[in-house]
Every structure is written in structure tokens, then in C-alpha cells.
Amino acid sequence: MSEVERESMEFDVVIVGAGPAGLAASIRLKQLNPELSVVVLEKGGEVGAHILSGAVVDPIGIDRLLPEWRDDPDHPFKTPVTDDQFLVLGPAGSMRIPNFLMPPLMNNHGNYAVSLGNVCRWLAGYAEGLGVEIYPGFAAAEVLYNDDGAVIGVATGDMGVERDGSHGPNYQPGMALLGKYVLIGEGVRGSLAKQLIEKFGLSKDREPQKFGIGLKELWEVKPENHRPGLVQHSFGWPLDMKTGGGSFLYHLENNQVAVGFVVHLNYKNPFLSPFQEFQRFKTHPAISKTFEGGKRISYGARAITEGGYQSVPKLVFPGGALIGCSAGFVNVPRIKGSHNAVLSGMLAAEHVVEALGAGRGNDTLEAMRPPGAPRTSART
Ligand SMILES: Cc1cc2nc3c(=O)[nH]c(=O)nc-3n(C[C@H](O)[C@H](O)[C@H](O)COP(=O)(O)OP(=O)(O)OC[C@H]3O[C@@H](n4cnc5c(N)ncnc54)[C@H](O)[C@@H]3O)c2cc1C
């Protein structure tokens with residue numbers, strides 16, 4: 001454990017990150033054993049603050065986690081996908097690819113256009129209702145180990161550290177949150193996950209992870225330009241033939257449209273700016289009409305894992321597991337990972353409950369394996 005003297009709190013399970021993975025894990029833990037003490041740390045000022053909103057979500061995860069969710073009047077899945085369009089863009093025109101030519105996995109029938117931030121806020125309400133303690137505004141800054149090298153918790157960041165790293169007059173060490181198991185649901189390329197993958201060699205014999213950058217904006221558009229449930233994907237212009245990526249446009253409720261652009265980060269052109277390409281994309285005649293007279297109300301960018309199944313690291317290490325996008329569970333052609341985040345969080349929770357029930361703790365949840373494992377089978 002670190003030499004700094006810290007105040008500590010003990011839990012059965014410590015979860016890092018209140019994204020779909022962390023929240024699903026916390027709910028599943030309490031569903032299976034209400035007596036467990038479970039804490040979720042979230043570095044955003046509130047749950048959902050760091051979640052890049054508009055998304056099309058496959059409800060398979062939520063269906064398994066909360067089978068009765070449709071009876072909850074406050075659920076956030078208000079906009080079923082009504083129309084799926086795939087466009088190839090050229091500099092001046094566009095061509096729609098007939099849906100029957102698209103791979104079935106890209107069909108969005110049965111999915112929902114949602115704000116993922118709202119989904120997280122809603123899940124957090126369920127978790128807290130079950131007794132999960134959620135601490136927003138606290139980043140897990142350090143992994144804590146015991147003398148055997150097993151993970152026993154995390155520490156929040158120290159306060160009052162000077163620029164040169166020395167302890168200033170207001171220095172206060174971060175808090176230690178100790179758990180019998182620690183689940184890492186930091187999302188893509190989290191700082192703790194990176195350390196754990198390195199320390200325990202979790203990516204050994206796996207393909208390297210690949211990443212893209214995703215930029216997203218949420219717009220309020222004129223009612224006549226809004227078609228709730230319309231989902232549009234495009235590829236081609238403004239990217240050249242050597243640069244991978246594409247766009248998405250999701251019509252949510254309340255005249256809102258989420259528009260985004262993903263560029264694979266192996267692009268060769270040193271002058272290419274994914275942000276500029278995104279802005280150019282919105283000027284295309286097939287796209288710009290949607291935004292005429294509209295207003296951009298929020299925006300953001302974040303990484304997305306693109307390595308696929310072969311890049312998923314070993315999921316377990318002594319004392320915990322990687323869940324959701326910490327493990328890279330995005331299905332790239334579907335541009336979806338939130339359902340796998342929920343499923344992997346549930347799967348981890350089920351193994352943790354089994355291990356705790358057997359009196360275990362801070363060991364390796366050996367039975368946990370990448371998709372294909374029993375019980376809550378993950379779906380790609
Ligand atoms: C541009 C783009 C578009 C996407 N579109 C879709 C889509 O349409 N449908 C879909 O299903 N998926 C989509 N995805 C993927 C989806 O966003 C992820 O698969 C999903 O959010 C992963 O959930 P998660 O819980 O693993 O991580 P996240 O959702 O990233 O949540 C991680 C949480 O952990 C917090 N956190 C991180 N580090 C720490 C720390 N050290 N301490 C405390 N808290 C921490 C973060 O603030 C965040 O709240 C998209 C991704 C991108 C980038």
C-alpha cells in the first residue's frame with residue numbers, strides 16, 4: 001500500500017466510473033445480494049457529466065438488468081429508431097445504400113435513440129435506490145495493492161500538491177476506498193486501466209488496441225427538420241480513401257439531433273484535423289439542411305476503442321476486473337458499446353457475488369472470461 005497516511009473506508013466492492021458498465025455492475029451486485037456494500041466513484045461533477053450524450057442503444061443490456069424498465073414512466077428510452085439510412089457522400093452528392101444490402105448487425109430496428117447521459121442518471125437513481133453509494137466529483141487517482149501485489153482498493157487524488165510535486169500547506173492526502181474486489185469501469189483508455197493492463201500483462205497475446213476519435217454535437221433543430229427516430233450513418237466525403245471513419249446523425253426527442261463524426265486514429269495525413277473534417281461534413285448538401293436555423297446546445301469529443309474482440313485484454317487481475325470500455329467492448333461496425341458495457345458489468349458482478357459468497361476476496365476471478373462466458377452472456 002502507498003506510504004501516505006490516508007483515511008480509509010471499507011466496502012465489499014469498489015467500482016471506478018459511473019458509466020453504463022459501472023452502474024450496471026453496482027445494480028447487479030445489489031440485486032443479487034442486497035447486503036453488500038458497494039461504492040461507485042465518478043470523476044464528473046455529477047453522474048452523466050462526462051458521458052458524451054446522443055447515442056443509439058441496443059436495449060439488450062437494460063432488458064436483462066431491469067426487465068421491467070418499460071413500466072417505469074421515467075425511463076429515458078423515449079425514441080425508438082424508426083428509420084435507418086446509410087449514405088455514401090461525395091463532394092457534391094450522396095447515394096443511399098439500400099438497407100437490404102447492409103449487414104444485419106447494422107440494422108437498428110428495436111434500438112433507441114437516447115441521451116446516454118440521461119441513461120446513466122436514470123441508472124444511478126436505480127443504484128442509489130438499492131443502496132449503492134455513488135460519489136460524484138471524486139476521481140480514483142491511484143490503485144492500492146497489498147503486499148502480495150493484489151489490488152485492494154483505490155485512492156482519490158491528493159489535494160494541495162504544489163506544481164513541483166511537493167506537499168503545500170493545504171496538502172491533504174486522498175481517501176483510500178478499500179474493497180474485496182475493485183471493478184474498473186473508467187471507459188476508454190482510463191488511467192487506472194492502463195496501469196493495470198501493463199502491471200498484470202493483461203494484453204499479452206492479444207492484438208494491440210486501436211482507437212478512434214469521436215466528436216459529437218447536440219443540436220436543437222427546427223421542428224420541420226426533425227424526424228424522431230431517424231438514424232443516419234455516412235461514410236466517404238470529406239475523408240479521403242486512405243482515412244477511415246464516418247458520421248452519425250440521430251434524431252432524439254424534443255427536436256434534438258445528435259450529430260457526430262469518428263476518425264480512426266491511424267490517419268496518415270499530418271494536416272488532417274478530425275474537428276475540421278467534422279465541421280466540413282456538416283456543410284454537405286445532404287446533411288446541412290437538418291441544421292439550418294438550429295442551435296448547437298452542447299458538444300464534446302472522446303476516444304472510442306476500435307480494436308474489436310481480438311484486442312480485448314484478459315479481464316481479470318488479482319483483486320478485480322476490467323468492465324465496459326476499459327476492456328474495449330465496442331462493436332465497431334455498429335458504433336455501439338453501451339449494451340456490452342452493461343452486460344460486462346453484470347457479468348463481473350455475478351462473478352464477484354459468487355466469489356464473495358464463497359468467502360473469497362482480493363483474488364483473481366478466474367472464471368471470468370471474454371464474451372462467450374456463462375450466465376449474462378455478453379453480445380458483440
Ligand atoms: C463518438 C462516440 C459515439 C458513440 N456512439 C454510441 C452509440 O450510439 N451507441 C452505443 O451503444 N455506444 C456508443 N458509443 C460507445 C459508448 O459510449 C461506450 O461503449 C460506453 O459509454 C461505455 O460505457 P463505460 O461505462 O464502459 O464507459 P463510459 O461511458 O466512458 O463511462 C466511464 C465513466 O467513468 C468515469 N471515470 C473515468 N475514469 C475515472 C476515474 N479514474 N475515477 C472516477 N471516475 C472515472 C467517467 O467520467 C465516466 O463517467 C460511442 C462512443 C463514442 C466515442
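Trainee: Is Gly 129 buried or exposed?

Mentor: Exposed means over 50% relative accessible area. Gly 129 has 68% relative accessibility, so Gly 129 counts as exposed. Keep in mind that this is a predicted model.

Trainee: Where in the secondary structure is Gly 129?

Mentor: Gly 129 belongs to helix 3, which covers residues 116–129.

Trainee: How do I read a strand pair, and in which sense do strand 9 and strand 10 pair?

Mentor: In a regular strand, side chains alternate between the two faces of the sheet. Here strand 9 (residues 140–145) and strand 10 (residues 151–156) pair in the antiparallel sense, over 5 bridges. Val 143 has Val 154 in strand 10 as its bridge partner. The hairpin of these strands has 5 residues between them, and Gly 149 takes a positive phi near 90° there.

Trainee: What volume does the largest pocket have, and which residues lie nearest its centre?

Mentor: The volume is about 880 Å³. The lining comprises 46 residues, with Ile 51, Gly 187, Val 188, Arg 302 and Cys 325 nearest the centre.

Trainee: Which domains supply the lining of the largest pocket?

Mentor: Domain 1 (1–76 + 115–209 + 308–380) and domain 2 (80–113 + 210–306) each give at least three residues. Among the elements that each supply at least two lining residues are helix 1 (20–32), strand 18 (295–305) and helix 7 (338–357).

Notes:
Residues numbered from 1 in each chain as written. Predicted model: local features only at pLDDT ≥ 70, side-chain atom pairs only at ≥ 80, totals over all residues. Heavy atoms only, no water. 1 Å grid on protein atoms, 1.4 Å probe; cavity = no way out; pocket = protein on both sides within 12 Å on 5 of 7 lines; lining within 4 Å. Points joined across faces, edges and corners; volume = space filled by probe spheres on them. Helix = DSSP H or I, 4+ residues; strand = E, 2+ residues; numbered from the N terminus. Domains from an automatic or database assignment. Buried < 20%, exposed > 50% of the residue type's maximum accessible area, 1.4 Å probe, protein only. Pairing = 2+ DSSP bridges.
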